[in-house]
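Please read the following points alongside the coordinates, as they concern an annotated site and several aromatic contacts.

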Amino acid sequence: MNTVNTINELREQVRAWKAEGLTIGLCPTMGYLHEGHASLMDASVKSCDRTVASVFVNPIQFGPNEDLATYPRDFESDCKLLEAHGVDLVFHPEPAEMYADDFCTFVDIDVLSKTLCGKTRPIHFRGVCTVITKLLNTVTPDKIFFGQKDAQQLAIIRRMVRDLNFNVEVIGCPIVREADGLAKSSRNTYLNPDERRAARILSRAVRLGQSIADEGERSSETLLAAMREKLASEPMADVEYVEVVNGENMQPVDTFREGDLVAMAVRIGGTRLIDNFTVGQPPIEFQEGQSNAD
């Protein structure tokens, strides 16, 4: 596995692979990798001849009061995971390599970015779309891989690729969870033991919502009332939102159908966690017993 830090080095390797007729998969990450990220690498290695992973904490997708400075980083550990999962090339640039001092060009998306996380993180998806556009222009991959935990991000990237005619296939990979249901996230490391136990309420609310939908309920109001009641049973849970939206345009719906998204953002202590499910997908399975923090 090779590591490069500059766009020119990255392009040089990509040109060589393309000259051989090889297909390329791209897995964009912000590092501090876990099994969820590994599942993206595995999917890429399985379906592409070569896999590129980026490890870059993208500063322009963080708001002024967010955790850019404290976002967890461990590049040495990341490289061990990436190599173990068959990644061929790691792109690990400094911010100055990606953004010149006078950088002033951004890729923004309307409609889809106005709901869910976009309400409280108004510049976030502009930053995401901009960095992904830069990576797509640099790597020119055949496929790009994202996790479904960031479901709004996945929907936005799909729309951006369609609207701007990028020649790439966007692949969504299932959420990877802990044994007790908590969705894998780099930010889980912020949780102390009590908060880690409290965080189980997110997956429990997801499973409740799935069971209600699977029983035939189609009223968003009824579904959300039950999920909010479940979340309210955990004193440490501070709910930012729980919503049902159209699975393609991320707009709220009163009556949901298969393929629509039920998503939430909940703060446990000072940590913002997200989780979701898509109506019609198989229900999540986890153990109701002790968490990894117990």
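**Notes on an annotated site and its aromatic surroundings**

1. In this predicted model, Q61 has a relative accessibility of 8% and therefore counts as buried, since the cut-off for that class is under 20%. The residue is listed by UniProt, in an unreviewed entry, under "binding site", and Q61 is placed in the loop between β3 (50-55) and α3 (75-84).

2. Leaving aside residues up to four places away in sequence, the contacts of Q61 are with M30, E66, R121, H124, G127, V128 and V131.

3. A search of the whole structure returns 4 aromatic pairs. One of them joins F62 and Y71 in an edge-to-face arrangement, with 6.0 Å from centre to centre and 75 degrees between the planes. Both partners are on the buried side of the cut-off, F62 with a relative accessible area of 6% and Y71 with 8%.

4. The rings of Y99 and F103 also form an edge-to-face pair, because their planes stand at 75 degrees, with the centres 4.9 Å apart. Here Y99 counts as buried at 9% relative accessibility, whereas F103, with a relative accessible area of 27%, is partly exposed.

5. Y99 and F103 belong to a cluster in which ring pairs also link F56 and F106. On F106, the face of the ring has R126 lying over it, at 4.0 Å from the ring centre.

6. A further arginine to inspect is R207, which lies over the face of F286, at 4.0 Å from the ring centre.

Notes
Residues numbered from 1 in each chain as written. Predicted model: local features only at pLDDT ≥ 70, side-chain atom pairs only at ≥ 80, totals over all residues. Heavy atoms only, no water. UniProt positions renumbered as here; feature names shortened; annotations may be inferred. Helix = DSSP H or I, 4+ residues; strand = E, 2+ residues; numbered from the N terminus. Buried < 20%, exposed > 50% of the residue type's maximum accessible area, 1.4 Å probe, protein only. Contact = heavy atoms within 4.5 Å. Phe/Tyr/Trp six-rings, centres within 6.5 Å; stacked < 30°, edge-to-face > 60°. Lys NZ or Arg CZ within 6 Å of the ring centre and 35° of its normal.
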